[in-house]
Amino acid sequence: MTRRLLIRATGTAQPGQLAGLGKALAVSGARLLDINQSVTFGIVSLEALVGLDADAEIERTLNQAGSNLGLDIQAIQISAEDYQRWSAQASQPRLILTLLAPRLPAGILAEVGALTAAHGLTVELIHRLSGREPLDGEAPAHGACVECWLRGEEVDLEALREKALALGAMHGVDIAIQEDSIWRRHRRLICFDMDSTLIQAEVIDELARRHGVYDEVAAITERAMRGELDFQQSFRARMAMLEGLDEAVLAEIADHLELMPGVERLMHHLKRLGYRTVILSGGFTYFARYLQEKLGFDEIHANELVIEGGRVTGEVREPIIDAPRKAKLLKSITEREGLCLEQTIAVGDGANDLKMLATAGLGIAYRAKPLVRRQARQSISTLGLDAVLYLIGYRQGDLQE
């Protein structure tokens, strides 16, 4: 008959402790079933689940080892029922809950703990992805991010996400919940909307401002972004108002485009990590090409303005890049690159992006309207665009060069 023990060792971390504890277990004839170790501020915590013959002696050997190694060691008997429950839980799907904010308030842990417990989820592991907070009290350079691994029985994921969205809004924290899979850190294609996602402007509004029709165009843009108007219809109406705009204005606007915070850092690392990067925009190719040259996007798909005699005609070439077209392009690029949709990421901010976000393996609403945040599976509003790296699962330390 087999006996199962949970060996828990804590103390000041020092070299040789794992070797010493391993020898003590080997002498007792223990079989290693599971192990976990972490060190925080010089304090080591090691837990090992072992199996051994019913009549094997181990407690005295462990106490002697603990005394020699500077460790407090406990041996906790695990019943057959508890072991079976643990084994069954290990086979359940894992969820990844990510907390992101400039700084994380301590109270959010209690709230998240209560939320996950209410849905029958156990927190398996919590670790920090972001860098340490500086000693001068400044916020971490790229924000704070903590990742929690959760397991439990089948859960209503949509209800959990809805409650997490409301909880995050109360505390000024983004809470993302995604299903873990082998694809999470093996995505290879990322597609971005452009206006109000990569750049801090809606270019069509800026063109309208220069042409003296800003108020009329901005009102239509806002309604379209909220999903109140059909995109193609609203797009044509706005374009018609730009008829006669001088082509020179396009270059002036391109030279003064403000990038979203974190875009350059995100693109730098995506290229290092081997991602194919694409702009899928309902904006204009003129500005998408500008970003391609500046940031190194692999390809762009946007609307092409018709210009005649140095003036905008108020028309664009077909086909118009609308919501269905974005989703279709995402699928076709995925197939062309020999990938599966689980390996794709899409990032956008408007209702015109929702089909694309739903199609991608990881769809992220970035600084989006409330309607889009509610409907997208994930959203980021508190940090720069480079926070996408946290949702993929990269630690800040992983990205150091």
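This is a predicted model: local features need pLDDT of at least 70, side-chain atom pairs count only at pLDDT 80 or more; totals for chains, interfaces and linings use all residues.

Me: OK, is Phe-235 buried or exposed?

Reply: Phe-235 is buried, because its relative accessible area is 2%.

Me: And how many aromatic pairs does the structure hold?

Reply: Three. Rings of Phe, Tyr and Trp (its six-membered ring) pair if their centres lie within 6.5 Å; planes under 30 degrees apart are stacked, over 60 edge-to-face, and the rest tilted. One of the pairs is Phe-235 with Phe-284, which is tilted, at 6.0 Å centre to centre and 35 degrees between the planes.

Me: Where do those two sit in the chain?

Reply: Phe-235 is in helix H8 (residues 231-240) and Phe-284 in strand S10 (residues 276-284), so 49 residues separate them and the pair links distant parts of the chain. Helices (H or I, at least four residues) and strands (E, at least two) are DSSP runs, numbered from the N terminus. Phe-284 also counts as buried, at 1% relative accessibility.

Me: Why is the pair of Tyr-286 and Phe-287 edge-to-face?

Reply: Because the planes of Tyr-286 and Phe-287 are at 65 degrees, with the ring centres 5.3 Å apart. Tyr-286 is partly exposed at 32% relative accessibility, whereas Phe-287 is buried at 0%.

Me: Which charged end sits over the ring of Tyr-83?

Reply: That of Arg-4, 4.2 Å from the ring centre. A charge sits over a ring if NZ of Lys or CZ of Arg is within 6 Å of the ring centre and within 35 degrees of the ring normal. Arg-209 lies over the face of Tyr-214, also at 4.2 Å from the ring centre.

Me: Switching topic: what does UniProt list for "active site"?

Reply: Asp-193 and Asp-195, from an unreviewed entry. UniProt positions are in the numbering used here, feature names are shortened, and annotations may be inferred rather than shown by experiment.

Me: Where is Asp-193?

Reply: Asp-193 is in the loop between strand S9 (189-192) and helix H6 (203-211). Asp-195 lies in the loop between S9 and H6 too. Asp-193 counts as buried at 5% relative accessibility, and Asp-195 does at 6%.

Me: What is Asp-193 in contact with, leaving aside neighbours within four places in sequence?

Reply: Contact means heavy atoms within 4.5 Å. With those neighbours left aside, the list for Asp-193 includes Ser-281, Lys-326, Asp-349 and Asp-353. The list for Asp-195, made the same way, includes Glu-202, Val-203, Ser-281 and Asp-349.

Me: Which side chain makes a polar contact with the side chain of Asp-193?

Reply: That of Thr-197, at 3.1 Å. A polar contact is a pair of N or O atoms within 3.5 Å; within protein, one must be able to donate a hydrogen and the other to accept it, and residues adjacent in sequence count only if both atoms are side-chain atoms.

Me: Which residues of H6 are buried?

Reply: Val-203, Ile-204, Asp-205, Leu-207 and Ala-208. Just after H6, Gly-212 takes a positive phi of about 80 degrees.

Me: Back to H8, what about Met-239?

Reply: Met-239 lies in helix H8 and is buried, with a relative accessible area of 1%. Leaving aside neighbours within four places in sequence, its contacts include Ile-204, Phe-284 and Leu-305. Met-239 and Leu-52 are 187 residues apart in sequence and 76 Å apart in space, C-alpha to C-alpha.

Note on methods:
Residues are numbered from 1 along each chain as its sequence is written. Side-chain values use heavy atoms; hydrogens and water are left out. Buried means under 20% relative accessible area, exposed over 50%, partly exposed in between (1.4 Å probe, protein chains only).
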